[in-house]
Amino acid sequence: MAKHIGPIAVQLLICCTLMLAIAGPVAPAPTPAPAPTTRRFTWNVEYVMWAPDCQQSVMIGINGKFPGPTITANAGDLIQVEVTKSLHTEGLVIHWHGIKQIGTPWADGTASISQCPINGGETFTYEFVADKPGTFFYHGHFGMQRAAGLYGSLIVNGTDAQKEPFADEYDGELNMLLSDWYHENVYAQAAGLDGKDKHWQWIGEPQTLLINGRGQFDCSLGVDRGRKTCDRRKTDAFCPEGDKSERCELIRRSECGPFCEGAQCAPVVFNVEPGKTYRLRIASTTSLSALNVQVQGHKLRVVEADGNFVAPFDVDDIDIYSGESYSVLLRTDQRQLPYWISVGVRGRRPKTMNALGILNYTNSVSDWPAAVPPATPAWDNVTRSKEFTYRIKARPGTARPPEAVDRRIVMLNTQNWVKGHVKWAINHVTLSLPATPYLGAYFYGIEDIAFDAAAESPDSYDPSYDIEKPPDAQAPEAQRATAVSDRVYRVAHGTVVDVVLQNANALEKGVSESHPWHLHGHDFWVLGYGDGLYDHDRDSKKLDTAGPPLRNTVALFPHGWTAIRFVADNPGVWAFHCHIEPHLHMGMGVIIAEGMEKLRELNVPKEAMMCGQARPAAAVPLAPAMAPPSPPSP
């Protein structure tokens with residue numbers, strides 16, 4: 001794939017935000033941002049040997065490090081990231097989670113959807129506008145590369161044109177990127193998930209939770225009943241050249257413990273001043289885990305969710321699902337001591353120790369918290385998770401959704417056996433991606449040969465399906481074989497779409513899981529949630545159209561439903577999927593081809609599309625623009 005820097009129109013949007021702070025010194029509150037500029041980054045994506053939890057593993061790093069570098073920009077800036085792939089065994093794409101990619105759908109970074117994977121030794125340049133301020137991140141979107149460590153923070157600050165309503169309410173920033181980590185590599189995980197019959201194998205629970213890429217396996221930083229405490233004695237990391245002792249081998253692999261000098265698994269410490277207010281940005285790029293975050297002895301005021309302003313509310317802790325991000329305001333109004341930041345698993349029976357960080361007041365009388373770390377709320381208390389989620393409302397002044405709806409899609413979320421394989425399915429269809437990116441297929445008019453374009457994905461399911469029962473316990477009239485398909489939903493430009501996500505029982509009796517659903521290319525309004533089966537005549541009257549929050553990721557709770565609304569105003573081909581990495585790998589997602597009648601108005605670079613059936617089509621000049629016909633009106 002050739003190097004490409006494509007011309008795009010830089011759009012001045014709105015915003016006023018702040019500068020990122022990493023573990024250690026705190027960034028001050030920002031001064032007004034200058035006019036939009038171009039931010040250029042050069043990355044080499046490669047395998048690295050790293051010890052994020054004091055156990056060395058092969059990971060995917062950027063420029064020799066993990067996590068990837070933080071991108072900091074202002075709203076309206078043009079971001080250019082030149083990516084060279086030095087991975088020798090797999091393709092590569094990078095998704096910019098939360099960036100809408102207005103006018104640049106080819107830069108969304110989704111393999112087989114928006115672009116071809118970057119091949120070994122090749123360079124590809126992503127170019128897009130940071131369309132609004134907020135707390136975002138980026139990650140690999142080929143195979144399970146996110147779970148292999150390919151991720152980092154993306155912070156978009158504000159400008160005078162787009163001032164965040166809480167921008168004057170804090171003095172500095174802290175940034176916290178959360179993830180989970182497995183000692184089994186992602187290739188073995190994928191092989192287990194793809195296994196047939198008795199060879200199918202679930203990935204299990206992660207070994208470690210990470211804060212900004214750091215954690216501690218098999219020991220706790222704090223005194224925790226039933227857990228081994230990490231040895232806090234400082235270890236000299238100096239080893240003379242040629243010393244091959246066991247001690248020096250551990251030091252070279254960064255396996256000498258979190259308090260070894262220069263350890264890659266060292267504790268994360270946020271230094272703060274007393275009597276100040278800090279914006280704590282929290283984003284989750286976990287492969288599997290839903291998490292709970294609390295800062296010992298401190299209240300958190302929630303002000304942002306997924307880059308959107310919310311009506312402020314105070315909590316003791318927050319639940320955060322994979323793909324979500326928040327900003328909370330934290331007031332340093334306690335005694336000048338160090339305090340625990342605790343991150344624990346929610347929604348699944350935890351087999352992973354809490355991750356611990358430290359909020360350290362300057363001039364503290366101690367350098368280490370004396371108290372026991374706070375306990376995570378009960379993992380199976382779904383009511384608590386719902387109560388937090390339901391409190392998220394739009395801040396006054398947020399755009400309201402259109403009242404008239406053109407199309408409603410109800411998506412039944414089930415788990416099924418398909419020819420000996422365990423799959424997740426939507427309306428009895430499990431997603432399989434084609435070799436040719438959808439965007440290229442539509443752009444070059446070859447969709448009929450690139451994937452199954454004969455019909456669309458189904459808008460609904462048989463109403464006799466009982467969501468409280470496993471698939472094999474359904475009544476005969478509700479049973480239906482699950483199909484493997486690469487079909488899409490075709491949506492005309494400007495269409496107002498309602499989607500109802502309907503959760504159901506999995507293969508095992510009495511089991512229904514939470515799923516965080518992420519929509520690329522859009523924010524959507526979260527109209528409401530409910531338990532049990534969605535009934536439109538009854539439940540549509542309960543939907544909030546007066547002040548629903550805008551999100552790009554939303555939770556679907558066990559045996560319940562979630563309703564969202566979006567406007568198809570961004571031509572492109574967009575993924576809508578569960579953000580749990582193994583669930584997407586097992587087919588839990590759909591594709592929305594939006595505004596294809598306007599696609600030829602965009603400057604889609606052929607370098608992003610030259611694979612599969614699009615390779616010969618991209619090699620010849622385009623004929624005069626002839627847009628594909630619009631889908632019939634709903």
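This is a predicted model: local features need pLDDT of at least 70, side-chain atom pairs count only at pLDDT 80 or more; totals for chains, interfaces and linings use all residues.
Residues are numbered from 1 along each chain as its sequence is written, and side-chain values use heavy atoms, with hydrogens and water left out.

Q: What is the volume of the largest cavity?
A: On a 1 Å grid over the protein atoms alone, a cavity is a set of points where a 1.4 Å probe fits but cannot get out. Grid points are joined across faces, edges and corners, and a volume is the space filled by probe spheres set on the points. The whole structure holds six cavities of 30 Å³ or more. The largest cavity has a volume of about 80 Å³.

Q: Which elements give two or more residues to the lining of the largest cavity?
A: Lining residues have an atom within 4 Å of a point, and for the largest cavity they include Ile-426, Tyr-489 and Val-590. Helices (H or I, at least four residues) and strands (E, at least two) are DSSP runs, numbered from the N terminus. The elements giving two or more residues to this lining are strand S23 (429–431) and strand S33 (589–594).

Q: How many charged residues are in the lining of the largest cavity?
A: Ala, Val, Leu, Ile, Met, Phe, Trp, Tyr, Cys and Pro count as nonpolar, Asp, Glu, Lys and Arg as charged, and the others, Gly among them, as polar. By class, the lining of the largest cavity has six nonpolar and three polar residues, and the number of charged residues is one.

Q: Which residues lie nearest the centre of the largest pocket?
A: A pocket is an open set of grid points with protein on both sides within 12 Å along at least five of seven lines. The largest pocket holds about 800 Å³ of space, and its lining divides into 16 nonpolar, ten polar and eight charged residues. Of the 34 residues in that lining, those nearest the centre are Gly-347, Arg-348, Val-511, Ser-512 and Glu-513.

Q: How many residues apart in sequence are the parts that the pair Arg-232 and Asp-367 ties together?
A: A salt bridge is a side-chain nitrogen of Lys or Arg within 4 Å of a carboxyl oxygen of Asp or Glu, and the count comes to 29 salt bridges. In one of them, the closest N and O atoms of Arg-232 and Asp-367 are 3.8 Å apart. Arg-232 lies in the loop between strand S11 (208–211) and helix H2 (246–252) and Asp-367 in the loop between strand S20 (355–361) and helix H3 (382–390), so the parts tied together are 135 residues apart.

Q: Is Lys-386 buried or exposed?
A: Lys-386 and Asp-531 meet in a salt bridge at 2.6 Å, N to O. The pair links helix H3, which holds Lys-386, with strand S28 (residues 524–531), which holds Asp-531. Buried means under 20% relative accessible area, exposed over 50%, and partly exposed in between (1.4 Å probe, protein chains only). Asp-531 is exposed at 54%, whereas Lys-386, at 14%, is buried.

Q: At what angle are the planes of the rings of Trp-43 and Tyr-138?
A: Rings of Phe, Tyr and Trp (its six-membered ring) pair if their centres lie within 6.5 Å; planes under 30 degrees apart count as stacked, over 60 as edge-to-face and the rest as tilted. The structure holds 23 aromatic pairs. The centres of the Trp-43 and Tyr-138 rings are 4.8 Å apart, and the pair is tilted, with its planes at 40°.

Q: Which strand holds Tyr-138?
A: Trp-43 and Tyr-138 are both buried, and both belong to one aromatic cluster that also includes Trp-96 and Phe-124. Trp-43 lies in strand S2 (residues 38–50), and the pair ties together parts 95 residues apart in sequence. The strand that holds Tyr-138 is S8 (residues 134–140).

Q: What distance separates the C-alpha atoms of Met-610 and Gln-115?
A: Met-610 is found in the loop between S33 and helix H8 (614–618), and is partly exposed, with a relative accessible area of 28%. Met-610 and Gln-115 are 495 residues apart along the chain, and their C-alpha atoms are separated by 8.6 Å.
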